[in-house]
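Open the model in your viewer and follow the stops below. Each one says what to select and what is there.

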Amino acid sequence: MEMRRRACLALMTGAVASPVSAMSFGMSESWTDWKAAFLRPEGRVVDALQDGASHSEGQGYGMLLAAFGEDAQAFATMYDWTERHLGVRQDPLLAWRWLPDAETPVPDYNNASDGDLFYAWALLEGARRFTVPAYRDRARDIARFLAVSCVRPDPRDASRRLFLPAAERSGSTERRIVNPSYTMPRAMHALADTFDVPELGRAATDGVDLIGDLAREGPVPDWVEIDSYDVRPARDFARQSGYSAMRVALYLVWSSRLYHPAVARAEALHISAGWPGTATVFTLDGQVSQRSSYPGYAAVAALSICADGASATMPAADAAQPYYPATLHLFALHAARAEARQCLPEGQ
């Protein structure tokens, strides 16, 4: 899973679709399997490949899945754990990581804006489905503070907005560090529209445009840096399109952007890599750097291929894989149910 992103943090348009409807039987069963594999009874989502750590990202991901699964008890348990263990900053955002065996479980109080974004979106969905006003209030506070602390002008054009990876340590006003996969338009527009936070909506729209510019040049990098002259792969990170960037096409399809250049780029990359074999990391000239047998990554690849009608059925959900591919697998299935039902395996 995104090792380089974790190291850094320890150191960076479209209309909103209606909420995902209640899960079919197959998806309900998949949620039950996911919960059994990755959710502890106390409400902690565990990433075994990261030394059993929990992250704001994982808590937000898990709560969103619980909301989609109409599982109010699991949602409330995750919310309680997150607030007690990651809600430790002096603002509405979350600390990004909790370490179970460390003397200081939260050694780094930096946030991760994608974790905060998914947590707020999950709370908004939870408020709608479970009729808990406190969830909505918390989502509002996070959305407003994300706009204040993590949305900044693009150094190339002060009228455009960037969604930064963290409130701190995201470069200077002259040079910004951005992770393209942190832009999840569906979530950002939902929060912006619900809570009247136009800056978050602008960051989503401008982020979609930025990703389009990147995709026209080649594979979307995991991390980019932007100054007043140019946008380029970030110099302090691996020059690759990998475990982070694979979410870009997934989020765009889920946000009704099936024909976006980044989805087309992902489709072309996976076909050239020999689909149905699954490539997980590409060099920035389009060569395969790593492959994986986990079906979650195959599901994400299939979604990018079949979104425009090409033939590539997604594999059925499988909790017998690590947390990250298993979670992306369920997200890909939800995205397909919302926007590209032709991609779904039978029964889901």
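Start by selecting Y251. Y251 counts as buried, at 1% relative accessibility (buried means under 20% relative accessible area, exposed over 50%, partly exposed in between, with a 1.4 Å probe and protein chains only).

A word on the numbers. This is a predicted model: local features need pLDDT of at least 70, side-chain atom pairs count only at pLDDT 80 or more, and totals for chains, interfaces and linings use all residues. Residues are numbered from 1 along each chain as its sequence is written, and side-chain values use heavy atoms, with hydrogens and water left out.

Next, select F68 and W121. Both are buried. How many aromatic pairs are there? The count comes to 22 (rings of Phe, Tyr and Trp, using the six-membered ring of Trp, pair if their centres lie within 6.5 Å; planes under 30 degrees apart are stacked, over 60 edge-to-face, the rest tilted). F68 and W121 form an edge-to-face pair, 6.4 Å centre to centre with 80° between the planes. F68 sits in helix α3 (residues 56–68) and W121 in helix α5 (residues 113–130), 53 residues apart. Helices here are DSSP runs of H or I, at least four residues, numbered from the N terminus.

Return to F118 and Y251. Their ring centres are 5.5 Å apart and their planes at 40°, so this pair is tilted. F118 lies in helix α5 and Y251 in helix α9 (residues 246–254), so the pair ties together parts 133 residues apart in sequence.

Last, select the cluster: ring pairs link Y61, F68, F118, W121, Y251, W254 and F331.

Technical notes
Helix = DSSP H or I, 4+ residues; strand = E, 2+ residues; numbered from the N terminus.
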